[in-house]
Amino acid sequence: MASAGAEAASRRGSLPRRPNILLILADDLGWGEIGSNGQRIIHTPNLDRLAAEGVQFKAAYSGAPLCAPSRCSLLTGLHAGHSTVRENPEGGPQHSLTDADLTFAEVLQLSGYRTACIGKWGFGPEEPGQASHPNLRGFDEFFGYIGHKHAHQYFPKYLWHNGQKVQLNGSTYAPHLFRKRAVEFINAESDKPFLLYYATNLPHSPSVIPGDAGEYENKPWSAANRRHAAQVARLDTDVAALIRALRDAGLAKDTLVLFTSDNGPHREHGVTPWLFDSNGPYRADKRDVYEGGIRVPLIAWSPGLVPRVERQPVASWDLLPTLADLAETPVPANLDGLSFRGLLTGGDAPQHSHLIWNRPRKAQAIRKGRWKLVRFAPNIAGAGPEGRVELYDLTKDPGESRDLAAARPRIAQELGELLDGSIGDDPRLPYGLRTELASGQVVVTLHNGSAVPWTQVELGLGGKRRARAHTVARVDPGMAVSVGFPVPATGKITARADFQANGRSHTFRRAHQDGASPVTLTSAG
């Protein structure tokens, strides 16, 4: 008879070492808009197959109930109480990332991954060479929309490829270009693992699709609803095309695919999410901090995973530490996120003591175990001049229909105080390699922004004629070391750091950048 340990091991999946990462982010796709979460009107057979063959997270949360702050949380590992971007650019300037922001792409790029962002970036300004540009936030290649509002145009007159505008004729469907470019990236020959962040703008409003609405064209619905259903179906076929590209390239076995959404379903330009039950059993939708606005689908798929359903709550700000963990690189310290790598293979992972959502001057929420507090600012969403506080027991009332704030005032007070204490300044430490040209030298600086010491550190310049390395015995958490090297006569300047951490050897590399340099774009046809 097999031992209990052997039986448990047989139920656990496996992941390749330092896997390729394909992260697919849908735009405004509700928790209930895929078949594996109960959708019955819109057909999503390809996503349903991924869910059936992989790990389905039933309690996955976005970083915010709307685009920009959610994407900031996903990229940086911080919830919207600490992150740089905490609100959409509604009635104001486009928000930006800064040099202080560290994205999961930067972490994986340092450790030797080739990286690409294809689709919607969502942070301005629309200029090359500035700190918020994807090329300066860890992506070797970028193709898509830089700004938030530009991504509303499904037939754009231009897109960005790295630091250059690619002029279009306004008659080509942008998701088609994104899919084609993503397949080209997957097929590119390389001995490096890759990170592909595929941030499609489907199915965000407006409900635009090339041609008619396919199998939904004759449904007795509004035109907006028919085309919205077709957008979700198109998203499903795009996912299938990317999985097929992985299989055709022989890379599927070496790849982890993660599929999620940035927030709950929208009800814009005539779309009525209640027709499709887009939020499933949950209350409200996009822009609300009720469950329907922040609970999102999350599917993890890789051929070695054992199919299972995971109900431990995870959040989009867990992605950075999870990807760093998978890439076997030191996890940055002082993040709000926790690695859920263990959950992918049926093991354990650290659990959050609480989760928070923050829409400044509008609404906030906190979940701690079974309890969830929702707090509205004065005169927002029907709240009076004193604001409004609501309390829900998610175990008994996942639809948040019975407010228990008056019946459980002590719990409401404790959660409110914990929420207040969770909002503040960015807590992160500087992390990674930096280069600066000064007085005829390349100054290379290594920042240990992790929680463990880095030892046997060697700093140098890479290239055909590698500069003689400078050795440092130890760099403690929160500390940095800088070394100057003569500027190479020719060639690209690439800094290199070799060190030991957690009993493992690590190498960081970073090319010196004064701005985003252009890369030749293959015609998307």
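Pro 125 is found in the loop between β4 (114-120) and β5 (141-145), where helices (H or I, at least four residues) and strands (E, at least two) are DSSP runs numbered from the N terminus. The structure is a predicted model, in which local features need pLDDT of at least 70, side-chain atom pairs count only at pLDDT 80 or more, and totals for chains, interfaces and linings use all residues. Residues are numbered from 1 along each chain as its sequence is written, and side-chain values use heavy atoms, with hydrogens and water left out.

The peptide bond between Gly 124 and Pro 125 is cis, with omega about -5°. A cis peptide bond also joins Leu 202 and Pro 203, again with omega about -5°. Pro 203 lies in the loop between β8 (194-199) and α6 (223-248). Most peptide bonds are trans, and most residues other than glycine have a negative phi. A positive phi, near 75°, is found at Ala 284, a residue placed in the loop between α7 (273-276) and α8 (291-294). Asn 379 likewise has a positive phi, near 65°, and is found in the loop between β15 (371-376) and β16 (388-393). Asn 379 is exposed, with a relative accessible area of 57%; buried means under 20% relative accessible area, exposed over 50%, and partly exposed in between (1.4 Å probe, protein chains only).

Helix α2 (residues 45-53) has Leu 47, Leu 50 and Ala 51 as its buried residues. Seen down the axis of α2, these residues fall within an arc of 100°, so they line one face of the helix; the arc is that of the directions from the helix axis to the C-beta atoms. An α-helix has 3.6 residues a turn, so residues three or four places apart point the same way. On the face of α2 turned away from the buried side are the exposed residues Pro 45, Arg 49 and Ala 52. The buried residues of α2 pack against β2 (55-57), α6, β9 (255-261) and β10 (298-301), contact being defined as heavy atoms within 4.5 Å.

Helix α6 also packs with α5. The axes of α5 (residues 174-187) and α6 come within 9 Å and cross at roughly 15°; axes are lines fitted to C-alpha atoms, for helices over the stretch in contact, and angles run from 0 to 180 degrees between N-to-C directions. The two helices are therefore roughly parallel, a term that covers angles under 35 degrees. Residues in the contact include Pro 175, His 176 and Arg 179 of α5 and Arg 234, Thr 237 and Asp 238 of α6.

An open sheet is formed by 4 strands in the order β20-β19-β22-β23, with antiparallel pairing; two strands pair if DSSP finds at least two bridges between them. The edge strands, β20 (470-475) and β23 (504-511), each pair on one side only. From one strand to the next, the twist averages 20°. Strand β19 (residues 454-461) pairs with β22 (residues 494-501) in the antiparallel sense over 5 bridges, and Gly 460 has Arg 496 in β22 as its bridge partner.

Thr 329 is located in the loop between α9 (319-326) and α10 (341-344). Thr 329 counts as buried because its relative accessibility is 6%. Apart from neighbours within four places in sequence, Thr 329 is in contact with Val 107, Ser 111, Ala 324, Tyr 431, His 506 and Phe 508.

How values were computed
Angles under 35 degrees count as roughly parallel, over 145 as roughly antiparallel, 65 to 115 as roughly perpendicular and the rest as oblique.
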